[in-house]
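Q: I have a model open and would like to go through it with you. Could you start with how the elements are named?

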Amino acid sequence: MVFLIIFQGQRLESPLADDPDTVIKGHNNLLAYEDLGLVMGRSLANNLNHPLSLMFLQIAVIVLIARLFGLFFNRIGQPTVLGEMTAGIVLGPSVLGILCPQLSSFLFSPASLSWLETLSNLGLVLFVFIVGLELDSNLMKNKAQTALVVSHASIVVPFFFGVCLAYFLFTGFAPEGVPFISFSLFMGIAMSLTAFPVLARIIQERKLTQSPLGTLALTCAAVDDVTAWCLLAAVVGIIRADTIMTFVATVVLAIFYILFMIYFVRPILQHLGNVYATQEHLSKGFIALLFVVLFLSAFATETIGIHALFGAFLAGIIMPSQIDFRNVLISRIEDVSLVIFLPLFFAINGLNTQLGLLNAGYLWLICVLIIMVAIMGKFGGSAIAARFTGQSWANSLALGALMNTRGLVELVVLSIGYELGILTPTIFTMMVLMALVTTFMTRPMLWFIERSFPDKA
C-alpha cells in the first residue's frame with residue numbers, strides 16, 4: 001500500500017508525471033530504474049567527496065601513521081613526539097606528494113582542509129594548556145643563581161644569534177612587505193625556545209628527576225618557557241599592531257589581563273580546587289568550569305592581539321596547584337589532545353613543509369647554517385653559562401644538550417609565524433628541519449657526554 005501511494009503520489013509532482021517514461025527514466029525519481037552497480041558507485045563517490053566524510057578519513061589515516069612513526073622512534077630511543085612530527089612531513093608534499101601524488105591530492109585537497117585546520121587549532125590550545133599545567137610553580141620559586149643565569153642566557157644568546165641571522169636572511173628570504181623588526185624578532189624567538197614537555201619526559205625516562213642536574217634543568221626550562229612565551233606574546237603584539245599606539249594599547253590590555261588572571265581568577269580556582277580537586281571528588285561540573293576558563297582565556301588574548309595560545313598557557317599556569325589534581329587533569333586531556341588533535345596539527349604542519357623548495361645547494365647550506373646557529377646559541381649559551389656559575393663540564397654540557405631540545409613547542413611557534421605571514425614557505429621548511437634535528441640530537445648528545453665524563457656525569 002505504501003508503494004502504491006508513493007507511485008501514485010509521484011504523478012502529483014508535475015504534469016509530465018502522466019507520462020509512464022517519466023516515472024521509469026526520471027533522473028530524480030525515487031522509483032527510477034538504473035544499474036545497481038552504477039548507482040552504488042556514484043553514490044559512494046559523491047559521499048566520499050563530502051568534506052565531512054573526507055575529514056573522518058583524514059583523521060583515521062593521520063592518527064594511524066602518527067602512532068606507527070611514534071612507536072618506531074620510541075623503539076630507537078627517540079621521543080614519540082619526534083616520530084609524530086616526522087609523520088606529518090611524510091604525509092605532506094615532501095614524501096606522499098611525490099610518491100603518490102593522486103592519493104595526496106585526494107586525501108588532502110585544499111578544499112577539505114578547513115575543518116582539519118580548525119581541529120588542529122583546538123589541539124594546539126589543549127596542548128599549550130597542558131604545557132602550562134606541567135610547569136611546577138615550586139620550580140618557578142627557585143631563585144638559585146645557576147637557574148637564573150642559565151635560563152636567561154639560554155634565551156638572550158640564541159635570541160641575539162637569531163636577530164643576527166635575520167639580518168643576513170631578510171633581503172632574500174623575508175616575505176614581501178614584512179618589516180625587518182617583525183622578521184628579526186620572530187627569528188630571535190624561534191631560536192630561543194626549549195620544549196619543556198619533551199625535556200621533562202627525557203629527564204624522567206633517564207631517572208634524573210631527583211638528581212641535581214635534573215632539578216636544575218627543569219628549573220631552567222620552566223623559567224625559560226614562561227619568559228619565552230611572554231616574549232612571543234610581545235612580538236606577536238608588535239607584528240599585529242598597525243601603529244605604536246596600537247601596540248601600547250595591546251601591552252596595557254595584556255598587563256591588565258595577566259594581573260586579573262593571577263590575582264582574581266587564580267585565587268577563586270585555588271579555593272574551588274581545595275574543595276573539588278581530588279580524584280574522588282573531581283566532578284564533571286568542576287572540569288567544565290576549568291575548560292570554560294581555558295577557552296575564555298584563549299578568546300581574551302586573541303581579542304587583545306597576543307594570540308590565543310598565550311591565553312591557553314596562562315590558563316594552565318593558574319590552575320589549582322595540587323599536583324595530584326593536575327596529573328589527573330593532564331591525563332584526561334592527553335588522551336584526546338595528544339592522540340587525536342595534535343597529529344592533525346603535525347599533518348597541517350607537514351603540508352606547509354615543502355622540502356622540494358630546497359632545490360639548490362646554497363639553500364641547503366643556509367639550512368645547515370640555521371641549524372648550526374640554533375645549536376651554538378642554545379647549547380653553547382646554556383653550557384657556558386652553567387660552567388660560569390661553577391657547574392662541572394659534564395653537567396654544563398648535559399644541561400646545554402637538554403636546553404637545546406625544541407620539539408613540538410618550536411613547531412607551534414613556527415606555525416604562528418607562518419600564519420601571520422612572517423615566514424615564507426622556504427624559511428618555514430628550514431626552521432622545521434632545525435626543530436627536528438635539535439630534538440633528535442638530544443639523546444645522542446647525552447649519551448656521548450656520559451661516556452666522555454663517566455665519573456662526573
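A: Helices (H or I, at least four residues) and strands (E, at least two) are DSSP runs, numbered from the N terminus. This is a predicted model, in which local features need pLDDT of at least 70 and side-chain atom pairs count only at pLDDT 80 or more, while totals for chains, interfaces and linings use all residues. Residues are numbered from 1 along each chain as its sequence is written, and side-chain values use heavy atoms, with hydrogens and water left out.

Q: Fine. Where is Glu410 found, and is Glu410 buried or exposed?
A: Glu410 is found in helix α20, which covers residues 407-419. Glu410 is buried, with a relative accessible area of 0%, where buried means under 20% relative accessible area, exposed over 50% and partly exposed in between (1.4 Å probe, protein chains only).

Q: What does Glu410 touch?
A: Leaving out residues up to four places away in sequence, Glu410 touches Ala190, Leu193, Met431, Met434 and Ala435; a contact here means heavy atoms within 4.5 Å.

Q: Stepping back, how many helices and strands are in the protein chain?
A: The protein chain has 22 helices and zero strands. Of its 457 residues, 50% count as buried, and among contacts between residues at least 6 apart in sequence, 78% join residues at least 24 apart.

Q: Now helix α14, what span should its 33 residues have?
A: Helix α14 (residues 244-276) should span 48 Å at 1.5 Å a residue, and its end C-alpha atoms are 45 Å apart, which agrees. The expected span is 1.5 Å times one less than the number of residues.

Q: And where does the kink in α14 lie?
A: The kink, about 35 degrees, lies at Val265, shortly before the proline Pro267; the bend at a residue is the angle between axes fitted to the seven residues ending there and the seven starting there.

Q: Which residues of α14 are buried?
A: The buried residues in α14 are Thr250, Ala254, Tyr257, Met261, Val265, Leu269 and Gly273. An α-helix has 3.6 residues a turn, so residues three or four places apart point the same way. What covers the buried residues of α14 includes α13, α15 (284-304) and α16.

Q: Last topic, cavities: what lines the largest cavity?
A: The lining is made up of Trp229, Leu232, Ala233, Val236, Ile306, His307, Leu309, Phe310 and Ile416. The elements that give two or more residues to this lining are α13 (212-240) and α16 (308-317), and α13 gives the most, with four residues.

Note on methods. 1 Å grid on protein atoms, 1.4 Å probe; cavity = no way out; pocket = protein on both sides within 12 Å on 5 of 7 lines; lining within 4 Å.
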